[in-house]
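The tour below goes stop by stop, with something to select at each one.

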Amino acid sequence: MKKDQIEKTIEAIDKTMHELLGAIRHPLKKGEHLKNCPFCDYGGDDWLSLCERDPDNWFVFCRQCCCEGPGGIDRDNGIGMWNERGGHEKD
Ligand SMILES: [Zn+2]
C-alpha cells in the first residue's frame, strides 16, 4: 500500500474505534501530559486517546491494549484520573 492509503486506513480504523467507544477523540493541548498505560506501558499520542463521551464524561483510552481509564467529570479530571492510576512517567 502507498503511504497515503495506509494513513487513510489508519484514520478509518481510528474513527471506527472511537465510534464503537461512543466517544470523540480530543488531541492533547500543549502542556497536557498522559502517563504511559499502566497495563501495557505504551504511551504518547499514537497510543493514548483523550476521549469525551459526554460533556461530563472524559476518559483516556489505550489503543494498544484497549483499556479504558476511569471517567472524569471534565477534561482535566479525565486526564488526572488516568495519571493517578500508577502508570509510568515517560522518559
Ligand atoms: Zn495499554
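Select G44. Is this residue buried or exposed? G44 counts as exposed, because it has 10 C-beta neighbours inside 10 Å. The cut-offs: a residue is buried if 20 or more other C-beta atoms lie within 10 Å of its own, exposed if 12 or fewer, and partly exposed in between, with C-beta atoms placed from the backbone. G44 sits in the loop between β1 and β2. Strands here are DSSP runs of E with at least two residues, helices are runs of H or I with at least four, and both are numbered from the N terminus.

The model is predicted, so to speak of local features requires pLDDT of at least 70, side-chain atom pairs count only at pLDDT 80 or more, and totals for chains, interfaces and linings use all residues. Numbering starts from 1 along each chain as its sequence is written.

**The sheet**

Show the strands. Four of them make an open sheet, ordered β1-β2-β3-β4, with antiparallel pairing. β1 and β4 (67-68) are the edges; each has a single partner strand, so one side of each lacks a neighbour in the sheet. Pairing here requires that DSSP finds at least two bridges between two strands.

Walk across the sheet, pair by pair:

- Select 24-26 and 48-54. These are β1 and β2, antiparallel and joined by three bridges. H26 lies opposite L50 in β2.
- Select 57-62. This is β3, which pairs with β2 in the antiparallel sense over six bridges. Look for L48 opposite C62, and L50 opposite V60. The hairpin from β2 to β3 passes through two residues.
- Move on to β4. β3 and β4 are antiparallel, with two bridges. F61 has E68 as its bridge partner. Four residues separate these strands in their hairpin, and C66 in the turn has a positive phi of about 60°.

Colour β3 by burial. Five of its six residues are buried, so β3 is largely enclosed by the rest of the structure.

**The core**

Which residues touch the most other members of the largest nonpolar core? Select L34, L48, C51, F59, V60, F61 and I79, out of 13 residues in that core. A nonpolar core is a set of buried Ala, Val, Leu, Ile, Met, Phe, Trp, Tyr and Cys residues joined through C-beta atoms within 7 Å. β2, β3 and α2 (75-83) each supply at least two residues of it. β3 gives the largest share, five residues.

Centre on L34. It lies in the loop between β1 and β2. L34 is buried, because 22 other C-beta atoms lie within 10 Å. Beyond four places in sequence, its contacts (C-beta atoms, placed from the backbone, within 7 Å) are L28, G43, L48, V60, I79, W82 and N83.

Jump to I79. With neighbours within four places left aside, I79 is in contact with E32, L34, L50 and V60.

Note on methods
Two residues are in contact if their C-beta atoms, placed from the backbone, lie within 7 Å.
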